[in-house]
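Subject: The structure we talked about

Hello,

Here is the structure I promised to pass on.

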There are 2 protein chains.
Amino acid sequence: LDRLWLVAPKSFPCAEATARASGADDVLARARVCHTLDEALSGCRLVAGSSARLRAVPCPSLAPQAGAERLVAESRLAPVALLFGRESAGLSNEEIDRCHLLVHIPANPQYSSLNLASAVQVLAYELRVASGVSGPEPLRSEITDDVAEAGQLEGFFGHLEQALFDLGFAHPRQADKLLRRLRRLFLRARPTTEEINILRGILSAAQGRKSMRR
Amino acid sequence: LDRLWLVAPKSFPCAEATARASGADDVLARARVCHTLDEALSGCRLVAGSSARLRAVPCPSLAPQAGAERLVAESRLAPVALLFGRESAGLSNEEIDRCHLLVHIPANPQYSSLNLASAVQVLAYELRVASGVSGPEPLRSEITDDVAEAGQLEGFFGHLEQALFDLGFAHPRQADKLLRRLRRLFLRARPTTEEINILRGILSAAQGRKSMRR
């Protein structure tokens, strides 16, 4: 919880933030600033997003306790990230596309969107609770040290997009929706580094045929 | 959670409080103002105090989840109260003397005293979870009715094998091992029927390029 990454902050360092941090300004002082989300997520094996919204594209969603247990358990094997959006608008679709799962805080449906600080507090609390108990061990068959990190996944998704374009498969109008579906599929599978390499090899083979044909 | 009692507030109604309440100003508007704590607690059968302090006088102390479950269970029999202190100094000894039990939020020992708003948020969250109104889990499962059945999966794997062969990607000696790995990847993802159709469409596009080349 003391490793805070800030993506493209409006102003940082910020006197108001330092004042509000009160005795916790050491966390702010050590915060890492990134220009892009992908940079911040680089190296993370599991990315969980905090979201109040129900979404059209199915994305696995966990209650805070279950989400915290999962994050704590996996953090013992590899870096994990808990991702928060803006105070005003939360996470964008493109940001949620990076998430393996969402954590949803149950709330009064008539007032379901918590302040950012409130959401952080609830999840920080559940993470602390989860860290004290021996949470359920991740299934060995499901999670290995070799699960691909965020940069490898983004490299693959970029390659996939290009390959679909080269194959003439993705019509521009459908491409975003199609790619989002494929993202969900592959994020669910938690590919290993080796599997990503195999998949990219297949994509290259498909593209190669095309360029040979030219 | 919508029955708020204020004991000897410095100023009420208060324009700043109303502004900060945002969409929840109905709770403030209905708040009852009392001169003494005893007046506010009149009629309550169980009083739980929120406290970060360890106390010299022994008082039963529960974790938030256990405390919330107790409050919710007893609230079905008779009125209960959850008591918060001042932002600056928490509850006094005399106020804690009124409590049947304390609820203690676990936190970093080096920074163990939460803001009042943070403590209220954590306990309101645990009360909501304990009340069960949010259901066992707002879970959007990874598994839907639409998960592809075995025959659809085998059809896809057969198509995949043929496509890899057509692309010249799978050398016969490695093909079995490669296909087995890809099987594991896709079985882990639990593709839906629609996703299988998308994947087969991509395979057909890749194969189509090849046959056009012939």
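Glu194(B) and Arg181(A) form a salt bridge, with their closest N and O atoms 2.8 Å apart. Please keep in mind that this is a predicted model. Arg181(A) lies in helix α8 of chain A and Glu194(B) in helix α9 (residues 193-213) of chain B, so this pair joins two chains. How covered are the two partners? Arg181(A) has a relative accessible area of 19% and is therefore buried, since the cut-off for buried is under 20%. Glu194(B), with a relative accessible area of 40%, is partly exposed.

That pair belongs to a wider meeting of the chains. Between chain A and chain B the count is five salt bridges, and ten residue pairs are in polar contact, both residues of each pair being at pLDDT 80 or more. Which elements of chain A supply the side that touches chain B? At least two residues each come from β4 (61-62), α4 (64-75), α6 (116-132), α7 (150-166), α8 (172-189) and α9 (193-213) of chain A. The most comes from α9(A), which gives twelve residues.

Now for the extent of the interface. In total, 59 residues of chain A are in contact with 53 residues of chain B. The size of an interface is often given as the accessible area lost when the parts come together. Here the area buried between chain A and chain B is about 4,800 Å², and carbon and sulfur atoms give 62% of that area.

α8(A) has 18 residues and reaches 26 Å from its first C-alpha to its last, close to the 26 Å expected at 1.5 Å a residue. It is mostly covered, with 13 of the 18 residues of α8(A) buried. Just after α8(A), Arg190(A) takes a positive phi of about 50 degrees.

In chain B, helix α8 covers residues 172-189; at 1.5 Å a residue its 18 residues should span 26 Å, and the end C-alpha atoms are 26 Å apart, which agrees. Which residues of α8(B) are buried? They are Ala175(B), Leu178(B), Leu179(B), Leu182(B), Leu185(B), Phe186(B) and Ala189(B). Just after α8(B), Arg190(B) takes a positive phi of about 50 degrees.

Chain B has a salt bridge between Arg183(B) and Glu154(B), where the closest N and O atoms are 2.8 Å apart. Arg183(B) lies in helix α8 of chain B and Glu154(B) in helix α7 (residues 150-166) of chain B, so the pair ties together parts that are 29 residues apart in sequence. Arg183(B) is partly exposed, with a relative accessible area of 28%, and Glu154(B) is partly exposed as well, at 42%.

One last stop is Pro9(B). Where does Pro9(B) lie? It is in the loop between β1 (5-7) and α1 (15-21) of chain B. At 30% relative accessibility, Pro9(B) counts as partly exposed. Leaving aside residues up to four places away in sequence, Pro9(B) touches Val33(B) and Cys34(B). Pro9(B) and Ala205(B) are 196 residues apart in sequence and, C-alpha to C-alpha, 71 Å apart in space.

Best wishes

Definitions and conventions:
Residues numbered from 1 in each chain as written. Chains lettered and ligands numbered in written order. Predicted model: local features only at pLDDT ≥ 70, side-chain atom pairs only at ≥ 80, totals over all residues. Heavy atoms only, no water. Helix = DSSP H or I, 4+ residues; strand = E, 2+ residues; numbered from the N terminus. Expected span 1.5 Å × (residues − 1). Buried < 20%, exposed > 50% of the residue type's maximum accessible area, 1.4 Å probe, protein only. Contact = heavy atoms within 4.5 Å. Buried area = accessible area lost by both parts, 1.4 Å probe. Salt bridge = Lys/Arg side-chain N within 4 Å of Asp/Glu carboxyl O. Polar contact = N/O pair within 3.5 Å; in protein donor to acceptor, adjacent residues only side chain to side chain.
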